[in-house]
Structure formats: C-alpha cells, structure tokens
Amino acid sequence: MRVRHTTALGFTALTLLTVPACSTDTTGAKPAAVSSAQAGPPARAAQNTAPLSSAALKKRLLDQSDLGSGYLRKPERPTQHDDVTVIGCPALSTLGGDAATGGGTLAFPRKAKTAFTYGGSSSEVAEELYSDSANKLSEGIGRISDAMTECPTYQVIVGGTPIDMASQKLPAPHGLGDEQWSQLLTFSTGGRSTVVKQTAIRDGSLLLVVSGSPALVDRHLDKALAKATVAS
C-alpha cells in the first residue's frame, strides 16, 4: 500500500531520511515489540486537562540554554511529501489512509517541535510536543503502539529508498506522567544501520516525544518533561 507520510511513520522516526548517520552493529540483536503504555497514578489524570495552543507549546520546548554547551539547533526542514510504501506490516499500512499528515508528525493540530545536533557530530536529539484531550492523545499513540506490536520488523520505501526497520521494546520510564512508551528503533539501508531511541510521555492533555541518540534522550528527558508541564 502506497501512502504519504503517516502518523505511524511520524512516531517511529525523526524523519526517515534524516536520522543521524552513525553506524551501529546490530548483529545478533533480536527485535521485540514496542512497549505498551504504562499508567501513572490515577490522580494525575485530572491534571492538565485543557489543551494548549501551538504557540504555548512552542514556549515549552527545550532551547540551547536548557541543554548546555555544544548543542546547535537544526534548521527546520521544509515539509516533504515523499510517497511511503510499507511492506510486511498491514497494521501500519492501514494507518496510512486517514492518518496521513503530510509532515511526518503525529496528527494532532496543536503541536511544536525542535531538534539539535551535539558537539559537531552526527548525534541528535529532537523534541515534539502535542496537546489535545487526554483520550485522543492516548488513543492516537495506542493505535501506533498496537500496530508496531504486530510488526517488530518491516520495511518502508521512501521515495524509492528501501529502509529495513526493527523496533525493540524498552522499559518505559517509571513514574513520569500518566502514560509512557519507549522503544529502540533500528534503521538499516545501504549497508549502514542507525539506532534511534524514542520515549513518549503523556501528561494530562500534553504529549511529549523525545527522540534521537539514546544517550542524549536519556540525558534530557526529565528536563524536557519538567519544562513542558510547568504551570502557566
């Protein structure tokens, strides 16, 4: 099935053709399914119920002063509309039709994003914020997680370039927000493999997704959530 950039593909990559160009040996690695959401304390569900505007979300993104020295903001790339073919995963292909967003991001109208490189290397960290009702955020992420649970390995073809995908379940960060997801993604193409970690946290009506080099995601996740959920 040939589709435009989809919600599912937006969640599973920074962008399929702009992941950090660091080679990783994945020989012997056994892909596993994406982690299921883990719920936080029930009392948190009543917090942060009013969706935020895109302008408000933008103010809550990390900036260079939050990250420290050595980080440079990546210029935002023009929206791409490459055709994407999903092979070997009917569940993800099905999401393509009514979930297409054209920009490779999740299909929520209130959103903001930023990305940084570190130390002049190929290491990157990206942050995306979305806001909607708690139910819509949970359902949107849940659909993707369910689809990827069915397909721990699959292939995508983006503009004629085949990319082998594998997802590995990771322990979700405990005690952060109301629901959490975390996974390690391996992109393999042209004899080179790249590993990207993604962690998503829903806190009330706000969804945070931090992606990139695993060490950088781990380093900045807590501060990203703290800034994103600060009281207005």
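Start at the disulfide: select cysteine 89 and cysteine 151, whose link is right-handed, with 90° about the S-S bond. The model is a predicted one. The sulfur atoms of cysteine 89 and cysteine 151 lie 2.1 Å apart, and this is the one disulfide that the structure holds.

Cysteine 89 sits in the loop between strand 4 and helix 4 (90-99), while cysteine 151 sits in the loop between helix 5 (134-150) and strand 7 (153-158). The pair joins distant parts of the chain, 62 residues apart.

Are they buried or exposed? Cysteine 89 counts as buried because its relative accessibility is 1%, under the 20% cut-off. Cysteine 151, at 6% relative accessibility, is buried as well.

Next, select aspartate 83, in the loop between strand 3 (71-73) and strand 4 (84-87). Aspartate 83 has a relative accessible area of 31%, so it falls between the 20% and 50% limits and is partly exposed.

Select Leu92, Leu106, Tyr154, Val156 and Leu207, the residues with the most contacts inside the largest nonpolar core, which has 27 residues. Which elements each supply at least two residues of this core? They are strand 4, helix 4, helix 5, strand 7, strand 8 (161-169), strand 9 (179-189), strand 10 (192-203) and strand 11 (206-212). Color helix 5 separately: it gives the most to this core, with five residues.

Another core lies apart from the largest one and has 21 residues. To find it, select Phe116, Leu206, Val210 and Ala228, which are among its members. In soluble globular proteins, nonpolar side chains tend to be buried together.

Finally, zoom out to the whole chain and color by secondary structure. There are six helices and eleven strands. Color by accessibility instead, and buried residues make up 48% of the 232 residues.

How much of the contacts with a separation of 6 or more comes from residues 24 or more positions apart? The share is 71%.

Methods: Residues numbered from 1 in each chain as written. Predicted model: local features only at pLDDT ≥ 70, side-chain atom pairs only at ≥ 80, totals over all residues. Heavy atoms only, no water. Helix = DSSP H or I, 4+ residues; strand = E, 2+ residues; numbered from the N terminus. Buried < 20%, exposed > 50% of the residue type's maximum accessible area, 1.4 Å probe, protein only. Disulfide = S-S within 2.5 Å. Contact = heavy atoms within 4.5 Å. Core = buried A, V, L, I, M, F, W, Y, C linked by side-chain atoms within 4.5 Å.
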